[in-house]
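Hi,

Here is the structure I promised to pass on. Have a look, and my notes follow below.

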Amino acid sequence: MFQAFLDAVVGILSNSGFAAIFTGDGWKFAVMIAIACGLLYLAIVKKFEPLLLLPIAFGMLLANLPGANVFHPELFDGGHIDWSVIGHVIPGVHESGPLAGQEFEAGILDILYLGVKLGIYPPLIFLGIGCMTDFGPLISNPKSFLLGAAAQVGIFAAFVGALTIGSIGIPGLVFDPKDAGSIGIIGGADGPTAIFVTSKLSPELLGPIAVAAYSYMALIPFIQKPIMKLLTTRKERLVRMSELRTVSKTEKIIFPIMVTIIVSLLIPDAAPLVGMLMLGNLMKESGVVERICKTAQNELMNIVTIFLGITVGATTNAASFLNAKTLGIVLMGLVAFCISTASGVMFGKLMYLLTGGKVNPLIGSAGVSAVPMAARVSQQVGQEEDPGNFLLMHAMGPNVAGVIGSAVAAGVLLQML
C-alpha cells in the first residue's frame, strides 16, 4: 500500500513541471521565471510602465512554466499561423523530456496571440490613444512636425547599424534587413508600433523587442535628462516660449481627416496605425459620439492592453530570449532611443538659432512617441533652470507629432521590407 502511494507520488513529480526545471536545459526556465519576477517587481514596486509591464511580465511567467501549455510558439513558426491545429488536440508534440508524447490543445494565450499576429491589437491601442490626445498644440505650432520627424532619426540609424553588425557576421549577432527594421523601431519609443512592425517582419524577436521598448519608455526620465543637459546650454534651457494660439474646433476636426488622407496616400502601410489614431481623435473632437469615444479610451483600451501585454510576454520563452541576439537587441534599442532624443534636441537647437532664440531646444526631446511622459521631461528639465518656465504645452506639439512620426516610420519600414 505504502509502495503504491510512493510510486504515485514519484509519478506525479516526474511528470510535473518541477522535473522539467531540474533536468537538462531546465535551468533556462528558472532563469526566465526569475526575470519575469524581476519585471513584476519593477512594475508593482517601482511603477515602471505598470499598465503594460505587469501583463508582459506575467505572460513571460506563464509561458516559462513547464507543462502549463498556455502558449505554443510552434503554432506560429516561420511567421505563419497553423490554423489546422488551432483549437484541436495535437498528438505527441513534446518530443523529449518528462512531457514527451503528451498531447495538448492550443492554449488560451495561443488564441489571444492571434490578435498580435493578425495586427489587431496595436491599431486598437492607437484608436484609444487618439481618443485621449489633443492635437491642438501641434496644430497651433506646425513647426512641431519637424521636431517630431527629427526624433525618428534614431529608428533609421539603428536600422543601418543592425544591418552593418549583421553583415560583419559576429556569431549570435546576425540580423537580416527585417530584423534590423524591427530593432530600429525601438528608437521611436512607441510600444504598440514596435509590436506592430515586429509581428509583421520578425515575429521571433517580438518578446525581446517588446520588453526593450517598454523598458526604455519607463526609463525615459533617466535616459533623456542627461542627454538634454549635455546638448544644451543654460541660456537655451532658460528660453521662455510665447503662448500658443487658440485652435478652433473646425481646425481640430479637419486635422485628423487630412492627416489620414495625406499619410495613407503617401505611405499606404502606415494607414492601419495612423488611420485608427486619427479616427480616435476625430471621435473626440467631433463631440457627436461621446459614448463610443469614452468606451474606446477606457474599456476597449484596457481590454486590449491586457491581451496585448500578456501575449507579447508569452513570446519571451527561454529559447528566444536567453541568447546573444537578445542582448544585442537591448543594447541597439538603447542606442536608437538615445539617438532619437539627441536628434530631436539638436534640431531644436537649429530652430533656436533660426528663430533668434524663440524656441527652447528642450522641447525637441519630446519628439519621441512616448506621450505624455517625454513632454513632461522637457517641462521638468526646463523648470530645473527656471521654475516659472512652462514648456509642457509647447512640448506636447512635438510629442504628438512623434506619435504620427513613428507610425509613418513604421509604414516606411514595412513598405521597404
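Which residues form a nonpolar patch on the surface? They are Ile254, Ile257, Met258, Ile261, Ile262 and Leu265, with about 570 Å² of accessible area together. (Patches take residues with over 30% relative accessible area and no salt bridge, joining like charges within 9 Å and nonpolar side chains, i.e. Val, Leu, Ile, Met, Phe, Trp and Tyr, within 5 Å; a salt bridge is a side-chain nitrogen of Lys or Arg within 4 Å of a carboxyl oxygen of Asp or Glu; areas are Shrake-Rupley with a 1.4 Å probe, and for residues only the protein chains shown count as cover.)

Bear in mind that this is a predicted model: local features need pLDDT of at least 70, side-chain atom pairs count only at pLDDT 80 or more, and totals for chains, interfaces and linings use all residues. Residues are numbered from 1 along each chain as its sequence is written, and side-chain values use heavy atoms, leaving out hydrogens and water.

Ile254 is partly exposed at 45% relative accessibility (buried is under 20%, exposed over 50%, partly exposed in between, with a 1.4 Å probe and protein chains only).

Then the rings: ring pairs link Phe135, Phe145 and Phe255 into a cluster (Phe, Tyr and Trp rings, the six-membered one for Trp, pair with centres within 6.5 Å; planes under 30 degrees apart are stacked, over 60 edge-to-face, the rest tilted). Phe255 is buried at 12%, while Phe145 is partly exposed at 33%.

Cheers
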